[in-house]
Every structure is written in C-alpha cells, then in structure tokens.
Amino acid sequence: MRYLTDRKRAVGKGASGTGTEHHWWMSASAVALAFMIPTWLYIVGTTLGADQRTVISTFSQPFVAILTALIAVIGMRHFAKGTEIWIEDYVHGTAGKALKIAMHSLAYVIMATTLYALGKMVFIGLLMGN
Amino acid sequence: MAEAKQVARPLSPHLQIYRPQMTSFSSIMTRITGNGIIVGVLLLVWWLLAAATSPDYFNFVNAIATSWFGDLVFTLSLLGLWYHYLAGIRHLIFDTGKYMDIKSAEMLGWISTIGSVVLTILTLIIIHL
C-alpha cells in the first residue's frame with residue numbers, strides 16, 4: 001500500500017519531473033556569481049599578461065584563491081545545468097542525453113583543473129614565502 | 001467522425017519571415033553568450049594550469065593568451081559575460097513578477113545590450129589603468 005497519494009507525488013513536479021528545482025538553483029547560483037564576478041574580473045584582467053611569478057603570487061593569495069575556487073565550482077555547475085536548457089530544446093533522445101553528459105563532464109574537468117592549478121600555485125606561493 | 005487526416009502544416013515560428021524582436025533577440029543572446037563564454041574559460045584555465053606547471057609551458061601558453069588571438073577570445077568572452085550578467089539580472093527581475101509587460105521587457109533588453117558594451121569598454125579601461 002502506498003501512503004502517498006498520486007496527487008501528493010505529482011505536486012510541484014510538472015513536465016520537467018523535478019519541478020522548479022532547476023530554475024531555483026540557476027537563480028540562486030546566478031545571484032552568487034553576480035556578487036563575485038566583478039571583483040574576479042578585475043583580478044584576472046590585471047593579472048593577465050604578467051610574468052609567471054606574479055601570476056603565482058596573485059593566485060596563491062587566500063582571497064584570490066578562495067574567490068577563484070568558488071567561481072570555478074559554482075560557475076561550472078551553472079554552466080553545465082544551463083546547457084541542459086538548449087539541449088532539451090534542440091537535441092532529443094539519446095543524442096540529447098549524451099550531449100548533456102558531455103557538457104557536465106567538460107564542466108567538471110574545467111572545475112577540477114582550476115582547483116588543481118590553484119592548489120599547486122598556493123603550495124608554490126608558500127615555498128616562495130607569500 | 002471523419003478520419004483524422006495528416007495535414008502538412010507550416011511550423012511556427014517561421015524564422016525567415018518573423019520580424020526580429022528585442023524579446024526574442026535577448027532570449028537567443030542569453031543562450032549564445034552563456035555557452036560561448038566557455039571558450040574564454042578554456043583559454044584562461046589552460047593559462048592557469050600552465051602557470052602552475054613550468055616556466056617553459058607558461059611561456060608557451062602565455063604567448064597564446066596574450067596574442068591577438070587571446071585578446072580577441074578574452075574581449076569577446078568579456079562582452080558575452082557582461083551581456084549574460086545583465087540578462088541574468090533581467091531574468092531575476094522578471095522572477096519577481098515585475099517589468100513583464102512588452103514595453104518594459106524590451107527596455108530591459110536594450111539596457112542589457114547597450115550596458116554590456118559599456119561595461120566591456122569600462123572593464124578594459126579599468127584593467128589597463
């Protein structure tokens with residue numbers, strides 16, 4: 001015997017199957033990114049073109065390292081979940097599923113690469129005496 | 001009841017004869033910019049990885065990142081990012097139920113479009129000071 005009624009199980013789910021979860025997550029992460037992006041753009045923009053030592057010492061600073069890590073994690077999740085929207089519109093069936101998996105994978109690879117590079121630069125920064 | 005007959009109906013909307021509107025333009029641009037930024041992100045992350053790897057590798061990637069090609073990719077990504085940023089705020093405003101009428105929606109679309117160009121130029125000026 002099922003304790004949940006059919007209606008109870010359907011409420012809030014809609015055509016997506018997950019209700020408003022996706023939309024809400026995109027909105028929440030958008031707000032987070034909106035607060036972080038301007039400062040981060042300034043840091044990246046002023047560091048781009050500098051020599052390697054300056055790049056490492058900049059990205060090994062606690063504030064810059066934490067901000068960049070947050071941008072990498074939240075930004076790449078926002079990207080991956082965002083691509084689902086156009087994929088659902090233009091690519092259907094197995095191809096659509098495969099493309100979604102590919103986009104999520106790409107986002108995770110970029111996220112992990114950024115965190116690896118940051119971690120390594122923080123260590124080098126410590127050795128350089130930052 | 002007559003048998004249901006398959007009629008070859010035209011698909012809507014007909015993009016070729018559809019007059020371009022600010023609301024459809026801003027919707028399409030939000031998608032294109034959101035996805036397009038990944039090109040700039042890839043170049044930037046490659047550059048970060050190179051900085052953490054070795055002097056030789058950094059010099060190689062840094063030369064690409066600071067070349068005319070790198071400048072082009074990063075400038076277009078910056079423009080795309082600011083557009084997506086403003087268009088995202090526009091959607092957060094829509095979510096509150098305000099400015100949903102056509103006139104206001106079109107106005108916010110224009111603000112996003114012109115604002116993204118202004119913010120891109122402003123960013124380029126500030127980071128080069």
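Here we go through the labels one by one.

Modeller: Before you start, keep in mind that this is a predicted model.

Colleague: Fine. Why is B:His84 called buried?

Modeller: Count the neighbours. B:His84 has 25 other C-beta atoms within 10 Å, and the label needs 20 or more, so B:His84 counts as buried.

Colleague: Where does B:His84 sit, and what does it touch?

Modeller: B:His84 belongs to helix H3 of chain B. Leaving out residues up to four places away in sequence, B:His84 touches B:Thr30, B:Thr33, B:Gly34 and B:Ile37. UniProt, in an unreviewed entry, puts a "binding site" feature at B:His84.

Colleague: Next, what makes H1(B) roughly antiparallel to H2(B)?

Modeller: The angle does. Their axes cross at roughly 155° and come within 8 Å. Angles over 145 degrees count as roughly antiparallel, so H1(B) and H2(B) get that label. The crossing of H1(B) and H2(B) is left-handed, too.

Colleague: Which residues meet there?

Modeller: From H1(B), you have B:Leu43, B:Trp46, B:Trp47, B:Ala50 and B:Ala51. Facing them in H2(B) are B:Tyr57, B:Phe58, B:Val61, B:Asn62 and B:Ala65.

Colleague: What goes into the largest nonpolar core?

Modeller: That core has 34 residues, and among those with the most contacts inside it are A:Phe59, A:Met121 and B:Trp82. H3(B) gives the most, with nine residues.

Colleague: What does A:Phe59 touch?

Modeller: Not counting residues up to four places away in sequence, A:Phe59 touches A:Val64, A:Ala65, A:Thr68, A:Leu118, A:Met121 and B:Leu48.

Colleague: How many residues does each chain bring to the contact between A and B?

Modeller: Chain A brings 26 residues and chain B brings 23. On the chain A side, H2, H3, H4 and H5 each give two or more, and H2(A) gives the most, with 10 residues.

Colleague: Last one. Which parts of chain A does UniProt list as "transmembrane region", and what is the chain doing there?

Modeller: The unreviewed entry lists residues 23-43, 55-76 and 106-128 of chain A. In the model, residues 23-43 of chain A are 100% helix, with end C-alpha atoms 30 Å apart. Residues 55-76 of chain A are 91% helix and 0% strand, and the end C-alpha atoms there are 22 Å apart.

How values were computed
Residues numbered from 1 in each chain as written. Chains lettered and ligands numbered in written order. Predicted model: local features only at pLDDT ≥ 70, side-chain atom pairs only at ≥ 80, totals over all residues. Core = buried A, V, L, I, M, F, W, Y, C linked by C-beta atoms within 7 Å. Buried ≥ 20, exposed ≤ 12 C-beta atoms within 10 Å, placed from the backbone. Helix = DSSP H or I, 4+ residues; strand = E, 2+ residues; numbered from the N terminus. Contact = placed C-beta atoms within 7 Å. UniProt positions renumbered as here; feature names shortened; annotations may be inferred. Axes fitted to C-alpha atoms, helices over the stretch in contact; angles between N-to-C directions. Parallel < 35°, antiparallel > 145°, perpendicular 65-115°, else oblique. Left-handed = near helix turned anticlockwise from the far one by under 90°.
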